[in-house]
Amino acid sequence: MKHLDVSAIKDGSVIDHIESKSTLKVADILNIQNEEQVVLVGMNLTSKFLGKKGIIKIGGKIIDQKEVNKIALIAPNASVNIIKDYEVIKKFKVAVPDIIEGIVKCFNPNCISNYYNTQSKLHVVNKNPIKLQCHYCERIMNAKDLVI
Amino acid sequence: MVSFKQRDIISIRHFNKEELLYILDLAKKMEQLDNTDMLKGMVLGSLFFEPSTRTRLSFESAMKRLGGMVIGFAEPGVTSTAKGESLSDSVRIIEGYCDIIILRHYLEGSAQLAADVVNIPVINAGDGANQHPTQTFLDLYTIQKTKGTLEGLTIGFLGDLKYGRTVHSLAYALAYFGAEMHFVSPNSLRMPEDCIDELKDRKVKCHENESLAGISKKLDVLYCTRIQKERFADPVEFEKVRGTYRLSKSVLEEIGIKNDLKILHPLPRVDEMDESLDTTDFAVYFNQARNGVPVRKAILASVLGKE
């Protein structure tokens, strides 16, 4: 019988193949503390692909595209499984979109996007490692500058 | 084919070499063309949320010399901004009163935001420390006019390179022309790392230094900038760097320069350039300011589709 380090969930979403050190960051952007059903977080699990990986299982929740885009910025190698009755009904890899709107704040305090309730808009100039350029002030942001 | 018709002029990054040269060629023709009715019946909305002398007045002069009219304000205290109106709302309203907007604003990205919400062309006349593309066009025009070419020059940038938006735009544009660049500034006012990275990606030879000594003899052009007090949140930090560089005739003699060096400055100056330089052949900054009119005439005419 296959042994699972992190128990299966009946219905919900599984975010797998997270770089282990980014697991808690992904958990944070998914706002898991507000979930009411089972949430399982595993770190430093063995992975053929990553060496060590993280995994997050959220019961009763189907994650949406906006959340997938956010995950892609933090964990570009992650994959998402949608679970129903313990079966995987949909599986896909996260992908960084070409334009990211309303997710990442521009790190420049003098940028207009931080005023007047303006929605942030960033162009992805490099996907891995992530490099974003603000549509408004043109400043370039790297992974270390991201405020999600 | 190059066309500027109804285009926004937001960032020098949006233009290729051919387009830059197109405006410079048109500016040359505009020097000979005055008091026409080319833009008769057209209205320029001149919106200045930050102080300006040269940019505002040269734009207004350019519009009037082409037969157009100007409305606008030179400080936001007299507008609904003082009542808390957002920039988006302000430009949406003003869009109904004019054919083109020129905008200066203290927040970076403001011109792009304005361009995104209105259906008439927007020209960025300076957005915080970010871009000032029409200044770059006139800087290029001045260099081309005084040096005879833009190709393969060695350029020194001196002063506040961190907040100096004219430096960022000009360095980006000169990268098209194979320039070698020396950035001379106090350590706290160095060129932003992302600007340097971008230039290096474009194969520009970049050098950083805290002093002109040792490099001054290599320079074809020296682009000086003022250390901008208004960009410092902390006045103590400003005091640490004010007066770092004071160029004068005797300083140039001491450090040694090429005989045909040209010194540009977007002005205003404070104490970084002594008046003793004004009467030398090196100084081209007053002509540079004057070049604002033909260059802005070229931009207005081409954007409004009348060139």
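Contact means heavy atoms within 4.5 Å. The exercises below use a predicted model.

**Exercise 1. Find what the buried residues of α4(B) pack against.**

Step 1. List the buried residues. In α4(B) they are B:Ser110, B:Ala111, B:Gln112, B:Leu113, B:Ala114 and B:Ala115.

Step 2. Judge the helix as a whole. Six of the eight residues of α4(B) are buried, so the helix is largely enclosed by the rest of the structure.

Step 3. Name the neighbours. The buried residues of α4(B) pack against α3 (87–95), β3 (100–105) and β4 (122–127) of chain B.

Step 4. Check the confidence. Within chain B, helix α4 (residues 110–117) has the highest confidence, with a mean pLDDT of 98. Helix α8 (residues 235–241) of chain B has the lowest, at 68. Chain B averages 92, and 94% of its residues score at least 70. The model itself scores ipTM 0.86 and pTM 0.86.

**Exercise 2. Decide whether B:Glu50 and B:Arg165 are buried or exposed, and say what their pairing ties together.**

Step 1. B:Glu50 forms a salt bridge with B:Arg165, and the closest N and O atoms are 3.8 Å apart. The cut-off for a salt bridge is 4 Å, so this pair is counted.

Step 2. B:Glu50 sits in the loop between β1 (43–48) and α2 (54–65) of chain B, and B:Arg165 in helix α6 (residues 165–174), so the bridge ties together parts 115 residues apart in sequence.

Step 3. Apply the burial cut-off. Buried means under 20% relative accessible area. B:Glu50 has 12%, so B:Glu50 is buried. B:Arg165 has 8%, so B:Arg165 is buried as well.

**Exercise 3. Characterise the interface of chain A and chain B.**

Step 1. Count the contacts. 14 residues of chain A touch 18 residues of chain B.

Step 2. Give the area. The two chains bury about 1300 Å² between them, with 50% of it on carbon and sulfur atoms. On the chain A side, A:Ile112, A:Tyr116 and A:Glu138 lose the most area, together 45% of what that side buries.

Step 3. Look for charge pairing. Side chains of opposite charge can pair when their charged atoms come close. Across this interface there is one salt bridge. A:Glu138 forms a salt bridge with B:Arg13, with the closest N and O atoms 2.4 Å apart.

Step 4. Eight residue pairs are in polar contact between chain A and chain B. The side of chain A that touches chain B has seven nonpolar, five polar and two charged residues.

Notes. Residues are numbered from 1 along each chain as its sequence is written. Chains are lettered from A and ligands numbered from 1 in the order in which they are written. This is a predicted model: local features need pLDDT of at least 70, side-chain atom pairs count only at pLDDT 80 or more; totals for chains, interfaces and linings use all residues. Side-chain values use heavy atoms; hydrogens and water are left out. pLDDT is the predictor's confidence in each residue, from 0 to 100. Helices (H or I, at least four residues) and strands (E, at least two) are DSSP runs, numbered from the N terminus. A salt bridge is a side-chain nitrogen of Lys or Arg within 4 Å of a carboxyl oxygen of Asp or Glu. Buried means under 20% relative accessible area, exposed over 50%, partly exposed in between (1.4 Å probe, protein chains only). Buried area is the accessible area (1.4 Å probe) that two parts lose on being put together, summed over both. A polar contact is a pair of N or O atoms within 3.5 Å; within protein, one must be able to donate a hydrogen and the other to accept it, and residues adjacent in sequence count only if both atoms are side-chain atoms. Ala, Val, Leu, Ile, Met, Phe, Trp, Tyr, Cys and Pro count as nonpolar, Asp, Glu, Lys and Arg as charged, and the others, Gly among them, as polar.
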